[in-house]
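Please read the points below with the sequence and the 3D structure side by side.

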Amino acid sequence: MLLFAIRRLFQAIPILLGVSLVVFGLVHIVPGNPIDMLMPPEASPEVIAQMKAAFGFDKPLYMQYLLWLLRAVQGDFGLSVFNATPVWGQLSAALRNTFVLAILGAALGFSMGILCGMVSALYHGRWPDKVFSAIATVGVSLPHYWCAIVLVLFCAVLHDWMPAQGMGDDSLPLYDRLQYLVLPVITLSLIPMGVIGRLVRATVLDILGQDFVGALSAKGLTRWPVIRHIAKNAAPPVLALMGLQFGYLLGGSILVETVFNWPGSGNLLNLAIFRRDIPVLQATILVLATFFVMLNLLVDIAQAAIDPRIRR
Amino acid sequence: MADTASTPVLRVEDLTVRFTRRNTDVAAVNGVDFSLKAGETLTILGESGSGKSVSLKALMGLLPAYAGISGKVWLNGQEILGLPAAALAKLRGGAVSMIFQEPMAALDPVYTIGEQIAETIVQHEGCDNRTAMKRALGLLEQVKIPSAERRLKNFPHEMSGGMRQRAMIALALACKPGVLLADEPTTALDVTVQIQILLLLRQLQEELGMAIVFVTHDVGAAAEISDRIAVMYAGRFVETGTTRQVMRQPMHPYTRGLLSSTVHGGMRGRALETIPGSPPNLAELPPGCAFAPRCRYAADACRRDIPVVTTETGAMARCVRAAELMPA
Amino acid sequence: MSASLEQDPRDRGGPAQPLLIVDNLRKHFPVRGGLLNRQVATVQAVDDVSFSVRKGETLGIVGESGCGKSTTARLLMRLMEPDAGSVIFDGDPVGDRRGISVSDMRRQMQMVFQDSYTSLNPRMTMAESIAYAPRMHGLGRKEAYDRAEDLLSRVGLNPRQYARRYPHELSGGQRQRVNIARALALEPRLVILDEAVAALDKSVEAQVLNLLTDLKQSLNLTYLFISHDLNVVEYMSDRVMVMYLGRVVEAGPVDAIYRRPRHPYTRALFASKPTLDPDRRTTQMPLTGDPPNPIDPPSGCRFRTRCAFAQPRCSESLPPLAAPFDGDTDASHVVACHIPEAQSAMAVHHG
Amino acid sequence: MSDLTLETPLVSRPDAPAAPAPGYWKSVGQRLLADKTTMAVSLVLLGILFITLGAPLVTHYDPYHGSVLGRLKPIGAPGHWLGTDETGRDLWTRLCYGGRLSLLAAIMPVTISLIVGGFLGILAGYAGGIVGTLIMRTMDVFYAFPSILLAIAICGLLGNGLSNSIIALAVVFIPPMVRVSETVTAQSRNLDFVEAARASGTTTMQIIRYHVLANVLGPIMVYATSLISVSIILSAGLSFLGLGVTPPRAEWGLMLNSLRQAIYVQPYVAALPGLMIFATSMCFNLMSDGFRSAMDIRLNK
C-alpha cells in the first residue's frame, strides 16, 4: 500500500513537468511578446528593452522556462505586469475565496448526487428512479452561469431574500456573511450533483447485478448491511469522479464568480486575461492545475486503500 | 416419493417459477417436488437452462421481484415461501445456506475472507466481532485451508480457486445450517481440485449431518456425491431415483441420452450416441412432454400429458413409455 | 471444398514428414512491480516445449488451468511471439526466410476458440463471418459466400436458415459449429481446437465431437486437441501430451498413457477423475492443494512440491523427457521424472 | 452460467427460428424509433435547427437592427412576442439567428475532437506499445487541467473570436475522446473474434476496418453526442465571459451576458437565451442516453 502511494507520487512528477511546459508554452504560442502588447505603440525601443529585461523576456525561451519554473517551485511567481504587486499575494487571497465556494459546493453537490444515485439504483425502474434520474439529467444539462442569473432573478430581484453580489464585508456578523454564500454554493453544486448522481446510479446498478450481492442476502444479511457492502464497492469510481469534479469546480467557478462578483481565482483569471497580465495568468493556471494533479493523486491512493485489487 | 421414517428437513411441493417480462413468459421451473432428510444428498442433474439453479434460488428467495413463485416449501416443518424479509433473512445463512459456482464472483472483493465470515456470525448470533473472528478461524481450519490464520486476512483475489471455494464453504457452514444448497460448486475448478472439494463436502456432511441439495451438470460429480439424483429437463424432474438406479438403469429417454453422450473411458473409435436438436425454448414449451420433439421414442400420447411412472423401488420417471423402455 | 484427395497438392514432405515439429518453444511473461516498475518475477507460461504432430493424427494436450496449453496454441498461431524455439510446418521453418511465412502458415493452420460467443463478431452474420477470411485473401464475393454456405451445411446447419443470422440468435452448440466452419474456410490442414467443447452442454458436446471426427476423415485434417477434460482427450486423440506449469511431463500414445500413466502427476490427474460408478467412489485425495501459481515456479521438477516421491535431486535439475526406466515397449512414450520408483509405482486406483 | 442475469441462460434459442433478424444498425434504429423520449427530444432538436437555419422564414426582423425607443419591451409586447433586448432588437429574431453560432461553436469542437481524438485513440489502442504510451502520456498532461480552465486560458490567450473558441474547446475535448476510444479499442483488440481474424492471416488494416471499427465507432459516437451537450454549455460560457463570439453578432451566451444588466428591468426576457442553452443541452444529453441504451446489445430482444 505504501509502495503504491510512493510509486504514484513518482508518476505525478512527469505530469507536473508536462503541465508546467503546457502553461509556459501556452503563453508563447501566442504571436507577439507580452510586453509588446502591453506597451503603448509610441513607447521608445529603449524603454521596451528595459521592460523586457526587467521581466526576463530577453533571454532564450528555454532559459525563461527554467527560471520561471525554478522560481515557481519556490512559490515565487514574480510581479504582476499590470500593477507590479507580487502575484502570489493576489492569488492566495483569491484562492481562499474560491476554495470556500468550491468546498461548500462540492459538499452539497456530492451528497445530493450520492443520494439521488443511490435512490435511483435501489428503486430501479420505479417512480423514485424516474424522478431522481430526471433531477440528475437536469443537473448535468444546466448552464450554471444561467442558473446563477435565474437564482439572482428569483431570490434577489423578484424577492429580496438573499444578497446577490460580492461576498459581504468582513465587518458583518457571520450570519449575514453566510447569506452571501447561499446562491453561489447552490449554483456550483448543481453540475456535480448531476454528474455524481448519474455515475452512482450506473455503478450501483452494475454492482447489484453481480453475484456477490445475491450471496450477501444468501448469508442472511439485512438491507442496511448489504447497502454498506454496495457502498464500499461503489466508492472507488465515485471517488475518482469526485476528484475530477472538484477540479472542475475550482476551474469552472470563473463563470459563477463573474455572475456573483465573487472575488475568487476565477475573477482574478478573468481580469488577468483582459489585462493581458501574463504572470498572474500563468500562476493561476499552474497553481490550480498542480492542485488538481495532487488531488487526483490523493484520490488514487484512497481508491487503493478501499479496493485491494487496485494496489499492485 | 417414498419418505418413511424420520421427518424431512426440507420438503418442496409443486415449486413453480415464471419470469414474466414485457412480452415473454418464461416457464423456468414447472412443478418440482422433493423432500430431503438430514444427512442426505440430492443431486439435481441437468443442462444449462433446465431450471436447476433457478430452483435453488427460489428456495433461497434470491430471485428478482418479477419472478412469480408458487408452490410450498417447508424447512424443518415451517413454511418458508412468502415469509417476510426479516424472517427470511434469519433463515438464510442460518438454517439454510448456499455455496455458488464462482466463489470469486460470490465473495465481496473489497472485504477480507475473515471479515465476510465473521459478519455472518455476528448477524445471526449477535456475538462480538472478536469471538466471530475466532470462530471464522476455526471454520477455515475445518475446511482444511492451510495457514488459516494468514488466510483470514486475505482478500478473495489473493487466493487460488480451490482456496476460495473452501472459504465459501466455511462461510456457508458458519452457523451450522441444516440444509446446504450447492449451486455447481465444482464446475469452475480444475479436476484435481474438484475431487478435493467433493471429498471435503462428503466429510463435512458426515461430521455435521446436514442435508445437501447439489446442483450440477456433471454426471461424474453427481456419482461421487449424491444419495439420490433428480434429472431435470425444461423445469421438470423427469426422473428421480437413487444414484445407482439413475446411473445404472435410467428409465427416461433423456437420462439415457445424457448418459450415453457423456464421454467416459473406453469409448474410443465409437461414434457417440447423441440427443438430436437443442433444449426447448422455455417461453414456448410444447404441451405434454417437453422432451418429445427430441425423443426417438416419442409417441402421440407424449404430446398430450405426462404420466408419472413409479417403480416399487421408489424411482420415478415422467414418461409414457418408461415402463416398456425399462431395462430388464 | 474438395473432398479428401489421396495426395494433398500442398503436401511437401511426404507422409513420413511430421506436419508440425515444435522445438523448445518458450514464452515467459515478465511480472512488473516495485517502486520503479521493474521486472520482479517471471511467469513461465511455456517453457521449452517440444513435440511433433504427424499428418492425419490427433495430438491431445491435457492439463489444468495455468499449465500453458492455451499459450502453446497462441504461440503456434503466432497470436503472440515466442521468446525462443522454432516451429517447422511440413518441413518448412515458420517465419524463416528459407521456410514459410507466418501468413502462409496461417492459411494451413487454423484455430477454434473456447468461447463460441466472443469468437464471433456480433455485427456479422454467420455467412459473413465464414466468408471473411477467404474474401480478404482474394476470393470473389460470390465464391466466398458459396463456400460459406457449403461449409454451413457441412457442419450441419441449414444455410438457408442460418446464413443470415447473428451470433446472439444461435445456441452455443450452433455457434461453435459456425466457428468450426470458419476455421475450415481457408481449407487448412491443421486445426487447433483450444477447449473447443469445454463450454458446451454434454449432449451438445457429443454432437460436436462426432462432427469433428467426421470432418477429420472427410477433409483429411490433422488436429491439435487441447482440453482439460481427460475423458474427451482420450476419446479424440491418437497421442497425448500432459503439461504441468508450462512444461511437458509426459507424452505418448493414448493407450499407453491412459493404461499405464508413468508420471506421478499424470497418475494423480487421472485418479482425480470422478468415477461414473456410484459403488466405486473416490475415497482418497489423489493430490492436495491447488496447482501452484506459474509465477516463479519451483526449481528443478515443477511437480516436486506436490509429489509424494520427491527426493533432493528433484529440486536440483529439470528431469528430461525420456523413455520410462523399465523399458516400455513403445519408445514414443516419454516421461519427465527422475525417480524410477515413482514411475513404476502401482497406479493409483481410478475409475 | 451466471444465473443472476436471467435472460440469457433461461431462454434457449429455438431450433429453427422463424425469420432472420435485421442487421445490427437496423435493430438499433428500430429501438430508437420505439423510444418515446429520444423521439420527442429529436423532434425538439429538429425544431431548434429549423428556427435557426430557417430564421428568415420564421421572423421578418433584422437581427442587427434595433430602435432606441423599443428597448427592453416585455414578453408579449405587440410586434415582439418575446420582447426586445437592450438595444431594441427583437428577441425572438435574435434567438433564432443566435442559435446558428451557438450550435456551430458547440458542434465544431466536438467534430474536430471526434476526428483527431478518435484517430489518436484508435491508433493508441490498437498499436499499443511505445506509440500508445506516447499518445496516452501526452494526453495525461492535458487531463491534469480542469477542462473549463484550460479552455478559458487558451481562448483568453488566443484572443476572442469564434474560431479561437472552437480551437480552445477542441483542445479540451481531445484528451477525453482519446481516452474513450483508446479504451474501447484496446478492449476490442483482445476480443476472441479479432484474434480469430488475426489468426486467419488478414492484414491489420482489414482487421481494423471489418472488426474493430464497427465495434468501436458506436461507443465513440455516443460519447461524442454527450460531449455536444457539454460543449454547448462551455462555448456559450466562453461567449458569456466575452471570450468567444464578438458583438454585435447574435449568440446565446453573449446575449445572456449583455442582457444580464437588464435583469432588474425585464427579468424574464433576460433569462430567455439561457433557457435556449439549457434546452438544447438537455436534448443532446437525453439523445445520447437514448443512443446508448439502443446500442446496448445486451438489451437485445
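1. Chain B and chain C bury about 3600 Å² between them, and carbon and sulfur atoms give 54% of that area; buried area here is the accessible area, taken with a 1.4 Å probe, that two parts lose on being put together, summed over both. The size of an interface is often given in this way, as the accessible area lost when the parts come together. The contact, meaning heavy atoms within 4.5 Å, takes 47 residues from chain B and 43 residues from chain C.

2. Before going further, note that this is a predicted model, in which local features need pLDDT of at least 70 and side-chain atom pairs count only at pLDDT 80 or more, while totals for chains, interfaces and linings use all residues. Residues are numbered from 1 along each chain as its sequence is written, chains are lettered from A and ligands numbered from 1 in the order in which they are written, and side-chain values use heavy atoms, with hydrogens and water left out.

3. Between chain B and chain C the rule finds 4 salt bridges, a salt bridge being a side-chain nitrogen of Lys or Arg within 4 Å of a carboxyl oxygen of Asp or Glu. In one of these, the side chains of Arg248(B) and Asp277(C) meet at 2.9 Å, N to O. The interface of chain B and chain C also has 24 residue pairs in polar contact, both residues at pLDDT 80 or more; a polar contact is a pair of N or O atoms within 3.5 Å, where within protein one must be able to donate a hydrogen and the other to accept it, and residues adjacent in sequence count only if both atoms are side-chain atoms.

4. Which elements give two or more residues to the side of chain B that touches chain C? They are helices H7 (161-172), H8 (191-208), H9 (219-225), H10 (243-248) and H11 (253-261) of chain B, where helices (H or I, at least four residues) and strands (E, at least two) are DSSP runs numbered from the N terminus. H8(B) gives the most, with 8 residues. By class, this side of chain B divides into 17 nonpolar, 20 polar and 10 charged residues, with Ala, Val, Leu, Ile, Met, Phe, Trp, Tyr, Cys and Pro counted as nonpolar, Asp, Glu, Lys and Arg as charged, and the others, Gly among them, as polar.

5. Turning to the other interface, 19 residues of chain A are in contact with 23 residues of chain B, and the area buried between chain A and chain B is about 1900 Å², of which carbon and sulfur atoms give 60%. The rule finds 2 salt bridges here, and Lys219(A) forms a salt bridge with Glu119(B), whose closest N and O atoms are 3.1 Å apart.

6. Within chain B, 4 strands form an open sheet in the order S2-S1-S4-S5 with antiparallel pairing, and two strands pair if DSSP finds at least two bridges between them. The edge strands are S2 (24-36) and S5 (78-79) of chain B, each of which pairs on one side only. Strand S1 (residues 10-21) of chain B is joined to S2(B) by 10 bridges, and S1(B) is joined to S4(B) by 8 bridges. As examples of partners, Val17(B) has Val29(B) in S2(B), while Phe19(B) stands opposite Ala67(B) in S4(B).
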